[in-house]
Amino acid sequence: MNWSHSANTIRRFVARLREDASASVTTIVALSLPVVIGAVGLAFDLNRGYGQRVMNQRVADMAALTTAMEYQRDDSVDIDAVANVIAMANGLQGATVDAELLADFPNEGESSIQVTVSRDVPFALASVLGFSGSYTVTADSAAIVSAQASYATPCFLALDSGKASLVVNGGASIVAPNCSVAAIGDLDQKGSSIAASDIISGSGDITLNSGSLVANSLRYAGSLNVPQWNNALPGPDDRHNVATGLADPWENNVELLAAIAQIGDADPLPALADPTTPTGSDYTFSWSPSSNASPFRQGTSGNFIVPAGNYTIKKLTVGGGNSLTFASGSTITVSKGVSIGGGSTVNFGDSDVYINGGFDSGSNGVTFGNGVLWIGSGTVSFKGTNKKGDGDVIINGDMSLGGGHYFSAGKGNHSFKSITLGGGGKTLLGDGDLTVLEGIKINGNSELNAGDGEYNIGASKQGYAIKLEGSARLFMGDGAFSAHGDIDTQGGSAIVFGETNNHYITGDLKIAGSAFFGPGRYTIDGDFENGTGGTTWPQTSSLNGEQYGSWGAGYDMAGYDVSFIASGTLKLAGGAKSRLLAAAQSVLGGEIGTMLFHSDTTSKASWTGGSGNIFGGVVHMPNTEVSMTGGNSTSGGGACFMLIAGKIKAAGGAVAGSACVSSDETSSGSGNTTVKLVK
């Protein structure tokens with residue numbers, strides 16, 4: 001009944017009486033008595049109706065809640081019968097009680113029990129005004145019985161809202177039994193199988209052309225397109241034609257945004273300078289020594305022993321087949337270079353040695369003890385076996401070792417203009433910072449092994465910071481890492497990155513050999529690529545006998561507790577075998593919990609060529625089309641792998657899988673939802 005309409009009628013009637021000024025008091029009183037009695041009667045009847053409505057609403061609320069609980073327990077229950085029993089139990093007689101199951105109420109994908117209670121109220125005193133019969137008082141109430149249709153968190157999520165957002169072709173399949181395979185746009189199955197807890201097109205269509213869709217539910221906003229001959233999909237009761245709100249869960253992640261802002265950063269490279277070497281006299285240690293060298297000759301032999309002291313030398317020459325030893329505690333400066341003949345032995349002792357004008361170790365090599373070794377710009381040649389004790393090493397020239405030659409240095413900071421190793425050349429550096437201004441190049445079964453410390457590697461003229469060819473090996477210890485150019489490794493090579501919060505690489509990271517990534521974040525201003533594969537881990541250093549990469553046994557690219565943040569794309573090709581696991585929790589300034597790889601690039605990512613990858617964590621490429629083809633296999637290997645990309649395409653025998661066990665995105669739709677009134 002319309003309560004406001006009845007009240008307005010009474011007010012207008014009384015107003016007309018007041019406005020009739022020509023009427024006498026007697027006339028007014030005579031005429032008004034029935035009206036007053038009728039008005040009082042109408043008010044009385046209206047109050048009776050209001051009281052009935054309060055009772056109806058109370059009964060409707062009780063009936064909706066109780067019926068909803070019964071329906072949750074048994075969805076075949078007669079909801080009308082339950083609602084009527086509740087009404088009678090609450091003392092409501094002569095009422096009409098109707099119960100209805102409402103779909104998509106109060107929100108899409110949700111359902112509720114609505115109970116409507118109606119009862120007629122006869123007019124009594126209001127009959128004086130001509131009201132007769134009765135009026136109906138109605139109240140309704142609804143109680144939710146299922147939350148928005150539940151679905152598991154997506155392990156594969158395509159963010160593109162258009163056509164072909166997620167496509168499986170050929171013999172390819174996606175297997176994620178405990179989580180969802182989802183696309184905001186259209187999802188097309190033309191391959192072998194998509195198997196998931198739920199298969200979802202948030203705002204588009206699901207099309208099954210061939211193969212199968214295996215899931216607890218299908219959710220699609222548009223249409224479900226299936227040929228008549230194909231029944232390899234969930235039954236009608238598990239198909240929900242409803243839009244699903246899907247979004248990138250990492251879109252506004254503060255940690256990720258801060259990490260992206262660091263792309264392109266690196267520690268600045270220091271400048272290398274030449275040592276100060278005053279001009280002195282030439283010293284020649286040979287079978288015919290210079291006059292200033294003769295006093296140190298042992299008899300008539302080719303053996304020279306120089307006592308501790310300060311020696312200012314213009315050019316230092318050691319003839320072939322001679323032996324020269326400086327006593328420890330000396331300071332030796334050479335301004336015009338060092339030249340050592342074949343077959344000679346030179347030991348500088350525990351001394352500080354400063355050399356300009358070039359350096360040639362001779363065929364046997366030289367020995368430097370503890371102290372500073374500082375060689376200025378010019379040609380630097382170490383042949384044979386060269387050993388340096390503890391102390392800083394600065395070589396402001398291109399250090400090149402080949403032909404099986406060897407250089408080692410103990411603890412201390414090590415700085416070079418460039419390092420080139422080839423033909424079996426090997427360099428072992430103890431703990432301490434390593435700075436190389438113009439890149440490291442290693443090839444031909446050569447090895448560089450460096451200890452813990454800060455690494456700062458500049459770019460060569462060719463653009464690489466590190467280049468490994470053939471069976472080259474580079475094993476690095478723990479410490480801050482900056483590479484101001486590409487890191488490029490070829491098949492058969494091996495590289496180990498130590499542990500540090502953040503590895504800065506201002507170029508591409510291209511791995512075609514073996515790579516082991518120590519824990520931490522890798523910030524890459526370029527592409528990240530695992531190419532044709534190489535030798536697998538573990539591997540043992542020929543320099544210190546240490547074994548590296550045991551955790552990645554059987555894989556050519558491995559690392560745990562890692563996050564890769566790149567400006568470029570992720571490429572996986574050839575016979576690459578990768579095992580990379582994100583950290584479970586974030587480290588301040590380092591790895592981001594569960595984030596394995598991120599890039600905002602729009603360049604396509606190709607995972608091809610029989611590559612087999614185990615990824616634990618999230619690969620997040622929201623603007624990229626990720627294409628898995630050519631027998632590529634990418635899965636979590638028992639860990640939780642999540643791929644979030646602009647588009648996801650699998651074809652040609654590719655297999656993608658995840659072992660994520662995810663909680664429901666929304667409340668359960670059967671038995672676990674708390675019954676509550678919604679109106």
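**Notebook: disulfides and a pocket**

I started with Cys155 and Cys179, which form a disulfide with sulfur atoms 1.9 Å apart (a disulfide being a pair of cysteine sulfur atoms within 2.5 Å). This is a predicted model, where local features need pLDDT of at least 70, side-chain atom pairs count only at pLDDT 80 or more, and totals for chains, interfaces and linings use all residues. Residues are numbered from 1 along each chain as its sequence is written, and side-chain values use heavy atoms, with hydrogens and water left out.

I noted -115 degrees about the S-S bond for Cys155 and Cys179, a left-handed link. Cys155 sits in strand β4 (residues 154-158) and Cys179 in strand β6 (residues 173-183), so the pair ties together parts 24 residues apart in sequence (strands are DSSP runs of E, at least two residues, numbered from the N terminus). Both Cys155 and Cys179 are buried (under 20% relative accessible area; exposed is over 50%, partly exposed in between, with a 1.4 Å probe and protein chains only).

Next I looked up Cys640 and Cys660, a disulfide with sulfur atoms 1.7 Å apart. Their link is right-handed, at 90 degrees about the S-S bond. Cys640 counts as partly exposed because its relative accessibility is 38%, while Cys660, at 2%, counts as buried. The structure holds two disulfides, and their pattern is 1-2, 3-4, counting bonded cysteines along the chain.

Last, I checked which classes line the second largest pocket: I found nine nonpolar, eight polar and four charged residues. Here Ala, Val, Leu, Ile, Met, Phe, Trp, Tyr, Cys and Pro count as nonpolar, Asp, Glu, Lys and Arg as charged, and the others, Gly among them, as polar. A pocket is an open set of points on a 1 Å grid over the protein atoms alone, where a 1.4 Å probe fits, with protein on both sides within 12 Å along at least five of seven lines; lining residues have an atom within 4 Å of a point.

Terms used
Helices (H or I, at least four residues) and strands (E, at least two) are DSSP runs, numbered from the N terminus.
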